[in-house]
Amino acid sequence: MVMDPAPTLTPGQFSDSFNDFISICLNKKVEDRASYQPQLLEHEFLDSNKEVEVGAFIKEILDLPDPS
């Protein structure tokens, strides 16, 4: 895992803003990884989904079947 590229989401399954949000969370280089505040809290994905209960949304994603 240390030498492998960071994990990514299946292309086309999620919105571009969600894919970007996840990719900046999973950046392997700490100095390049997004900070909780302000980068993540002000990210377009969260801003455009304020009415969504984030905890329930994340559980739904984690419960998706493995595409492989």
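Ser17 sits in helix α1, which covers residues 16-25. Helices here are DSSP runs of H or I with at least four residues, strands are runs of E with at least two, and both are numbered from the N terminus. The model is predicted: local features need pLDDT of at least 70, side-chain atom pairs count only at pLDDT 80 or more, and totals for chains, interfaces and linings use all residues. Residues are numbered from 1 along each chain as its sequence is written, and side-chain values use heavy atoms, with hydrogens and water left out.

**Ser17**

- Ser17 counts as buried because its relative accessibility is 11%; buried means under 20% relative accessible area, exposed means over 50%, and partly exposed lies in between (1.4 Å probe, protein chains only).
- Apart from neighbours within four places in sequence, Ser17 is in contact with His43, Glu44 and Phe45, where contact means heavy atoms within 4.5 Å.
- The side chains of Ser17 and Ser15 are joined by a polar contact of 3.3 Å.
- A polar contact is a pair of N or O atoms within 3.5 Å; within protein, one must be able to donate a hydrogen and the other to accept it, and residues adjacent in sequence count only if both atoms are side-chain atoms.
- From C-alpha to C-alpha, Ser17 and Leu46 are 8.8 Å apart in space, although 29 residues separate them in sequence.

- His43 is found in the loop between α2 (36-40) and α3.
- With a relative accessible area of 9%, His43 is buried.
- Not counting residues up to four places away in sequence, His43 touches Ser17, Asp20, Phe21 and Ile24.
- A polar atom of the His43 side chain lies 2.9 Å from the backbone nitrogen of Phe45.
- Asn49 is placed in the loop between α3 (44-47) and α4.
- Asn49 is partly exposed, because its relative accessible area is 23%.
- Asn49 and Arg33 are 16 residues apart in sequence, and their C-alpha atoms are 22 Å apart in space.

**Nonpolar core and surface patch**

- The largest nonpolar core has 7 residues: Phe14, Phe18, Phe21, Ala34, Leu40, Phe45 and Ile61.
- A nonpolar core is a set of buried Ala, Val, Leu, Ile, Met, Phe, Trp, Tyr and Cys residues joined through side-chain atoms within 4.5 Å.
- Phe21, one of the core residues, touches Leu40, His43, Phe45 and Leu46 when residues up to four places away in sequence are not counted.
- Ile58 lies in helix α4, residues 54-62, and counts as partly exposed because its relative accessibility is 43%.
- Val54, Ile58 and Leu62 make a nonpolar surface patch of about 290 Å².
- Such a patch is made of residues with over 30% relative accessible area and no salt bridge, with nonpolar side chains (Val, Leu, Ile, Met, Phe, Trp, Tyr) joined within 5 Å and like charges within 9 Å.
- A salt bridge is a side-chain nitrogen of Lys or Arg within 4 Å of a carboxyl oxygen of Asp or Glu.

**The whole chain**

- The protein chain has 4 helices and 0 strands, in the pattern α-α-α-α along the sequence.
- The C-alpha trace spans about 40 × 35 × 20 Å along its principal axes.
- Of the 68 residues in the protein chain, 13% are buried.
- The protein chain exposes about 5,600 Å², and carbon and sulfur atoms supply 58% of that area; accessible areas come from the Shrake-Rupley method with a 1.4 Å probe, and for residues only the protein chains shown count as cover.
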